[in-house]
Amino acid sequence: MINFHGTNEANTDNLVDLMAALEEFWLGVSTQSPLPASKETLQRALFAPLDSQSTKVLLVEDSESDAFFLINELTKSAKPHYAVERVGRISEAVEKLQTRTFDVCLLDLGLPDSTGLTGFHRLHSLQQQLPIVILTGTDDEEIGADAVTHGAQDFLVKGQASRGQIQRSIQFALRRKRAEVMAQVTLAFENKLLQEVLENAPLGIARLDAQFCITQSNQAFNSLLGNNCSVVGKNVQELGPRLPLLDIANIRNQGLPFHTERCQMTGSPEFHSKETFFDVAGWPIKTKDGNVRGAILMIVDVSKRVHLEMEKEEFVAKLAHDMKNPLVGAERVFDVMLEGEPNGINGQHQKLLSALRKTNQNLLSMLHNLLDVYRYETVAVPLVFTEIDLRRLIKTTLSNMVPLASTYSIKLTEKLPADLTFIDADCVALQRLFMNLIHNAIKFSSSGDAVEICADTESDKVVIKVIDRGIGIPENEQPLLFQRFAQGNTGRKHSLTAGSGLGLYLCKEIVEFHHGKITIESEVGKGSTFIVELPIKQDKTVSP
């Protein structure tokens with residue numbers, strides 16, 4: 001807030017400079033706020049000392065006797081001195097105010113050319129910064145009080161006001177009006193500062209109406225989108241077709257904010273030579289009764305960061321691909337040594353080779369997950385949906401996972417109805433999904449346990465469950481399971497379970513690409529059940 005201290009000459013010059021900037025702001029921007037009639041009038045309203053030697057009073061009174069009484073009472077005062085000019089009509093008062101400056105106006109409501117509040121409204125609209133004290137008769141007190149609610153500073157009942165009451169009313173009116181003008185100046189100045197901050201901010205900021213059309217935007221918003229002209233009037237969906245429709249709908253329907261990372265938004269092709277990425281946040285603007293009447297949208301260009309991350313991910317993917325080949329070769333060597341009949345390998349050596357084989361299999365699984373995540377997130381290879389035999393796919397996946405399960409001494413079982421429905425899905429992606437879930441269940445099970453996979457059809461979807469009786473997952477860690485690179489403390493403490501934190505994240509991505517849902521039910525010490533729900537029918541070709 002701005003603090004207005006005294007009105008001495010030392011700080012008055014600084015305030016006059018401030019007022020000049022405010023006057024420019026008022027005339028150029030704030031057409032909805034009351035405008036001062038002149039710079040001189042505003043200066044007087046703000047900076048003239050209340051105890052100055054002369055207070056200029058405009059008396060609008062047609063009654064000679066009432067006017068004589070008021071002038072006589074005011075001119076008897078030694079300090080402050082009142083310089084009173086009297087007119088008898090509203091039209092004459094208007095002429096005076098157009099050429100002269102006054103500190104306060106005493107206005108009678110019953111004039112030859114004005115009755116009721118008509119005259120007050122006329123003067124108040126002419127100079128809203130001029131303090132007005134209403135003069136009423138005993139039968140007009142209610143109108144006087146009504147005038148105060150419309151902007152008058154006070155009212156006096158003629159014939160009942162003493163000299164002290166008249167002077168106190170004038171001084172009160174001056175102080176009250178000064179406080180109002182100071183509040184207007186402060187608010188206008190802070191609005192100007194806020195506008196400058198928003199306009200010069202490196203963040204793109206826009207205001208949306210109830211239909212999510214842009215009503216205001218700063219220059220950064222236009223520049224970040226590569227538009228040479230204003231985007232006001234456009235629907236936000238025209239600028240960000242990949243914004244999450246559900247999140248935007250939630251702002252409108254439920255008043256919920258959203259935050260989306262790596263959002264690709266359109267702009268001028270010549271402006272952006274590369275793909276442009278933004279972090280986008282939106283939150284609702286609500287009425288007093290809680291109804292959403294619009295929203296604020298904020299965008300930050302994160303293209304440089306995203307492109308660096310993409311380069312890093314590409315490097316990691318290439319490294320993972322190069323590392324995978326020797327690990328595959330090592331896996332075959334382990335198979336030959338452990339499943340054949342080599343001479344000279346005793347029981348202790350076999351245990352060591354089995355442990356090495358487990359580590360090798362875990363590394364291979366991590367590399368496969370890393371490469372698949374890179375494929376889905378960066379390369380954006382489209383999923384190809386075909387009608388597949390889900391029962392056969394699950395049985396094949398279980399068969400492929402038997403060697404790994406045997407290494408951990410885990411038994412794999414299934415409960416699949418013979419008439420399990422065919423579904424539209426990407427066969428390769430779905431196989432990776434089940435392999436990850438089964439592998440995860442094996443890792444977190446104890447030797448001799450069983451991992452079960454079952455499936456059933458429910459209406460227009462199929463529900464698959466992967467059930468283990470392993471260590472279980474604490475409730476506070478469950479929300480983190482499907483996040484990128486997330487690993488729970490329980491998993492890190494479990495032996496031989498080192499992972500990248502990508503397996504379940506990849507499962508979630510695959511399920512969501514199939515327009516399905518994945519959830520978990522788990523209890524520490526009793527095991528976990530991963531539940532996958534997939535629609536039976538899909539569009540035949542969908543891009544991730």
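User: Which residue meets E61 in a salt bridge, and at what N to O distance?
Analyst: A salt bridge needs a side-chain nitrogen of Lys or Arg within 4 Å of a carboxyl oxygen of Asp or Glu. In this predicted model, the side chain of E61 takes part in such a pair. The partner is K158, at 3.2 Å.

User: How many residues apart in sequence are the parts tied together by E61 and K158?
Analyst: Helices (H or I, at least four residues) and strands (E, at least two) are DSSP runs, numbered from the N terminus. E61 sits in the loop between strand 1 (54–60) and helix 3. K158 sits in the loop between strand 5 (154–157) and helix 7, so the tied parts are separated by 97 residues.

User: What pLDDT must side-chain atom pairs reach to count in this model?
Analyst: Residues are numbered from 1 along each chain as its sequence is written, and side-chain values use heavy atoms, leaving out hydrogens and water. The model is predicted, totals for chains, interfaces and linings use all residues, local features need pLDDT of at least 70, and side-chain atom pairs count only at pLDDT 80 or more.

User: Is E61 buried or exposed?
Analyst: Buried means under 20% relative accessible area, exposed over 50%, and partly exposed in between (1.4 Å probe, protein chains only). K158 has 22% relative accessibility, so K158 counts as partly exposed. E61 has 0%, so E61 counts as buried.

User: Which elements does the salt bridge of E85 and K96 link?
Analyst: The side chains of E85 and K96 meet at 3.0 Å, N to O. The two residues are 11 apart and link distant parts of the chain. E85 belongs to strand 2 (residues 81–87) and K96 to helix 4 (residues 90–99).

User: What is the N to O distance in the salt bridge of K395 and E414?
Analyst: K395 is partly exposed, with a relative accessible area of 33%. E414 is partly exposed too, at 29%. Their side chains meet at 2.6 Å.

User: How many salt bridges does a search of the whole structure find?
Analyst: The pairs above are found in a chain with 16 helices and 19 strands. The search covers the whole structure, and the total is 18.

User: At what angle do the axes of helix 3 and helix 7 cross?
Analyst: Axes are lines fitted to C-alpha atoms, for helices over the stretch in contact, and angles run from 0 to 180 degrees between N-to-C directions. The axes of helix 3 (residues 64–75) and helix 7 (residues 163–200) come within 10 Å. They cross at roughly 80°.

User: Which residues make the contact between helix 3 and helix 7?
Analyst: Contact means heavy atoms within 4.5 Å. Helix 3 supplies F69, L70, E73 and L74. Helix 7 supplies R163, I166, Q167 and I170.

User: What is the strand order of the open sheet of 5 strands?
Analyst: Two strands pair if DSSP finds at least two bridges between them. Pairing in this sheet is antiparallel, and the order is 7-6-10-9-8.

User: Which strands stand at the edges of this sheet?
Analyst: Each edge strand has a single partner strand, so one side of each is left without a neighbour in the sheet. The edges are strand 7 (214–217) and strand 8 (258–264).

User: What is the bridge partner of A206 in strand 10?
Analyst: Strand 6 (residues 204–208) runs antiparallel to strand 10 (residues 292–301), and 5 bridges join them. For A206, the partner in strand 10 is L297.

User: How far apart are the C-alpha atoms of D301 and R262?
Analyst: D301 is found in strand 10. D301 is partly exposed, at 36% relative accessible area. R262 is 39 residues away along the chain, and the C-alpha separation is 9.1 Å.

User: Which residues does E452 contact beyond its neighbours within four places in sequence?
Analyst: E452 lies in strand 15 (residues 450–458). E452 is buried, with a relative accessible area of 11%. E452 contacts T413, K415, K465, V466, I467 and R469.

User: What percentage of the chain's residues is buried?
Analyst: The chain has 544 residues. The buried share is 44%.
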